[in-house]
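The structure is shown first, and the description follows.

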Amino acid sequence: MEVSTKSSKVKLIASGVIPFLFLIILMAYIFGPGSDLLDLGIPLPEITIEKVDFIDSEIQVTVRNTGPISVEVAMADINDRIQPAAVEPDKYLNRYETALVRIPFEWNEAEPYRIGITIEDGTRFEKEIEAAAPAVKPSLELAWFFAIIGTYVGIIPVMIGLLWLPFIKRISKQKYHFFLALTVGLLLFLGIDAVEEALEVSKENLADVFNGGLLVATVTILSFLGLYYAGEKLLKTSKSSGLTKPVAIALMISIGIGLHNFGEGLAIGAAVGMGSIAFSTFLIIGFALHNTTEGIAIAAPMSRERKMIGKLALMGLIAGSPAIFGAWIGGFAYSPFSSVIFLSIGAGAIFQVIIIILNMIRVECNNNLSNVSVVSGISVGMVVMYLTGILI
Amino acid sequence: MILSLSILIGLSVVVFFTTFSDAQSESKTFVTHSGAMVTTTGEILDPLYTVSTVEFDPMEYLRDFNYGRVSQLSDGTTLREFTIIAEDDKIMEVSPGIFYNVWTFNGTVPGPTIRATEGDIVRVKFINNGEKEHTMHFHGIHPAGMDGVFEPVGGNGGQFVYEFEAGPVGVHPYHCHVMPLEEHIVHGLYGVFIVDPKEERPPADEMVMVLNGLDTDFDTENNFYAANTVPFYYQHHPIQINTDELIRIYVVNMVEFDPINNFHLHGNLYKYYPTGTDLVPSFYTDMITLSQTERGIMEFEYEFPGKYLFHAHKVEFSEKGWTGIFLVNDSNKKSNQDLDYGS
């Protein structure tokens, strides 16, 4: 008996492994040494200028090899005029490797610059900077500035939104469903907004090799599935952990919105970091107005609860404070790749929350989602978001 | 579990793609265009050859004149025979670290400077060892069949003999005339043809400067400009000349894509003979403007020793390599070893 179970286990493992072996043989055949099957076509080298920083008397350029073959950085120019420069750590870039090109140059603030990097085969790659601005130096003062802005944009508007709670509490059940549906509309808008933003960042700043669109899709869906799984667990254990179901839902909404606000913080930090101050003032006002509606989203499911001022404030913090962290990261350590990742995680989180609220409404409305309050709620939510969103 | 796994994967991807390789080496220093010293732990990207490691030596080309294999015909006329081989597969390091497919006459860009006296018979045995068809088209006066336009010479060993009487007096370009013409020219198939007057010009320190451009990324815009192909070469390897000595420059503009080029000399003015066809100068100036294949002869002497720039006053060109320095030695002060005047 024991022998047979053992041998059947071996068989099971073998049957799982054998296809892999064939796959390895196939790969070795196609790519292995001596294979000339794929020796057709000419691989074109490609580099991407990911970041340009304006330091004292110097322009610093971060380049990444985003092509199929390794490259050598050979020359740097500013506005198509050749400049002596240095490349650190060295000029040889393997696939995906980055280097810092330091170009000594007496640049003028607010003037546009075209930065060119030429590689060994003579191909020149260019990045245009609309207006030169001194790179942000991390300082306690600036960190404090970002914290204040994050508070204005994230925490305070969400808290103001939460003040609608007594109002939502007193209204009829139908109107309550309307407000829950309104939340769905708001979140739906935010989710689409996050996906759009992630796609835009990836299109403008990420090389094609990262396959931006599918990167966004993959991270969004992974985030959605991960949070959905965690959310279900939270709902199941909500009784034992002392949380009521609406509180658990509100908690998830605040986590989702928190991730979203983190993305907003990134955008603000990055805008300040890149020196477009006027733009970021606009961004701040727009986000502040916009985020007030997020407070309603958290308040709505909790409105049938009692004695939860403390919890509510905590959720406001969970939803709002990530804007501060986002601003820090966006301002001090901006990278387009991590921005895309964070925005996509936020989008996944929001879609997950939408499913949960819809479920809640469905249960409350006896499986009928097509009633007036739900349909009008979602519609009004979208429209309100669109109108406040225009301000950004 | 799945959540933490996905977060782990996400974070590790973020960290992986933003990691810099942290190899460090000893620091080096370089000088910027404005004279500042910059120190780096990495490598220096500077478009200049600090040591003479060039494949094509602009200093050698500068004063290199080819008079051919000389013999006399039965009527006493001088015959000058040349062999020119075209190739189109050579990869040359045109600027430090930048490799470009040059098409060459006798292995260099520009091709050899061919020099004859007015009335001599010039016989050029042309061998095309390239892949594509090529020809040699001389500017000057010759029969239609010697024009190198309607008789493309096939690649991989095709041959043709160009024969004509040298004339008129002056400085002329020669170049391949196979379509697409622009492509054949910008890849480097050109050179200088000098016809001396029967009564020689006064002795001088003579040199040839071909003003050219390199479009290394094929976007019909030049990435580099130069006098004699290698960008910034004469800036870091000044051309040595002497005070009170006549300098004669045969200058030919072969820049494509840009409608004009120009030549500005510092601290001096020169007599300019357009196309070199007249023995009386047309201008006394420090600035000439040259269109495609426009050329001429410049003559000047320096009174004061020191370093003098010469460059395109279309500053874009000079900042992309078309710039150089004359280092004028005081001929009265020290007994300089005689320079090889190339003739």
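## Strand pairing, interface and backbone features

In strand 22 of chain B, residue B:H311 is the bridge partner of B:H264. The model that shows this pair is a predicted one. The strands involved are strand 17 (residues 261–265) and strand 22 (residues 306–311) of chain B, which pair in the antiparallel sense over 2 bridges. They belong to an open sheet of 5 strands in chain B, with the order 15-23-22-17-20 and mixed pairing. Strand 15 (239–242) and strand 20 (287–290) of chain B each have a single partner strand, so one side of each is left without a neighbour in the sheet. From one strand to the next, the twist in this sheet averages 25 degrees.

Strand 1 of chain A is joined by 8 bridges to strand 2 (residues 58–65) of chain A, and the two run antiparallel. Within this pairing, A:D53 has A:Q60 of strand 2 as its bridge partner. The two strands form a hairpin with 2 residues between them, and A:S57 in the turn has a positive phi of about 55 degrees.

Strand 5 (residues 85–88) of chain A in turn pairs with strand 3 of chain B, antiparallel and over 3 bridges. In that pairing between the chains, A:V87 stands opposite B:E43.

**The interface**

How many residues of each chain are in contact with the other? The contact involves 35 residues of chain B and 40 residues of chain A. The size of an interface is often given as the accessible area lost when the parts come together. For chain B and chain A, the buried area is about 3400 Å², with 64% of it on carbon and sulfur atoms.

Between the two chains, 10 residue pairs are in polar contact, with both residues at pLDDT 80 or more. On the side of chain B that touches chain A, at least two residues each come from helix 1 (2–18), strand 1 (28–31), strand 2 (37–40), strand 3 (43–45), strand 6 (98–105) and helix 5 (315–319) of chain B. Helix 1 of chain B gives the most, with 5 residues. By class, this side of chain B has 17 nonpolar, 12 polar and 6 charged residues.

**Salt bridges**

Over all chains the count comes to 19 salt bridges, and 1 salt bridge lies between chain B and chain A. This salt bridge joins B:K320 to A:D80, with the closest N and O atoms 2.8 Å apart. Residue A:D80 also forms a salt bridge with A:R124, where the closest N and O atoms are 3.7 Å apart.

**Backbone geometry**

Most residues other than glycine have a negative phi, and most peptide bonds are trans. The table lists exceptions.

| Site | Feature | Value |
|---|---|---|
| A:E88 to A:P89 | cis peptide bond | omega about 0 degrees |
| B:V109 to B:P110 | cis peptide bond | omega near -5 degrees |
| B:T220 | positive phi | about 55 degrees |
| B:T293 | positive phi | near 60 degrees |

A:P89 is in the loop between strand 5 and strand 6 (92–93) of chain A. B:P110 is in the loop between strand 6 and strand 7 (114–117) of chain B. B:T220 lies in the loop between strand 13 (205–214) and strand 14 (224–227) of chain B, and B:T293 in the loop between strand 20 and strand 21 (295–300) of chain B.

Notes. Residues are numbered from 1 along each chain as its sequence is written. Chains are lettered from A and ligands numbered from 1 in the order in which they are written. This is a predicted model: local features need pLDDT of at least 70, side-chain atom pairs count only at pLDDT 80 or more; totals for chains, interfaces and linings use all residues. Side-chain values use heavy atoms; hydrogens and water are left out. Contact means heavy atoms within 4.5 Å. Buried area is the accessible area (1.4 Å probe) that two parts lose on being put together, summed over both. A salt bridge is a side-chain nitrogen of Lys or Arg within 4 Å of a carboxyl oxygen of Asp or Glu. A polar contact is a pair of N or O atoms within 3.5 Å; within protein, one must be able to donate a hydrogen and the other to accept it, and residues adjacent in sequence count only if both atoms are side-chain atoms. Helices (H or I, at least four residues) and strands (E, at least two) are DSSP runs, numbered from the N terminus. Ala, Val, Leu, Ile, Met, Phe, Trp, Tyr, Cys and Pro count as nonpolar, Asp, Glu, Lys and Arg as charged, and the others, Gly among them, as polar. Two strands pair if DSSP finds at least two bridges between them. Axes are lines fitted to C-alpha atoms, for helices over the stretch in contact, and angles run from 0 to 180 degrees between N-to-C directions.
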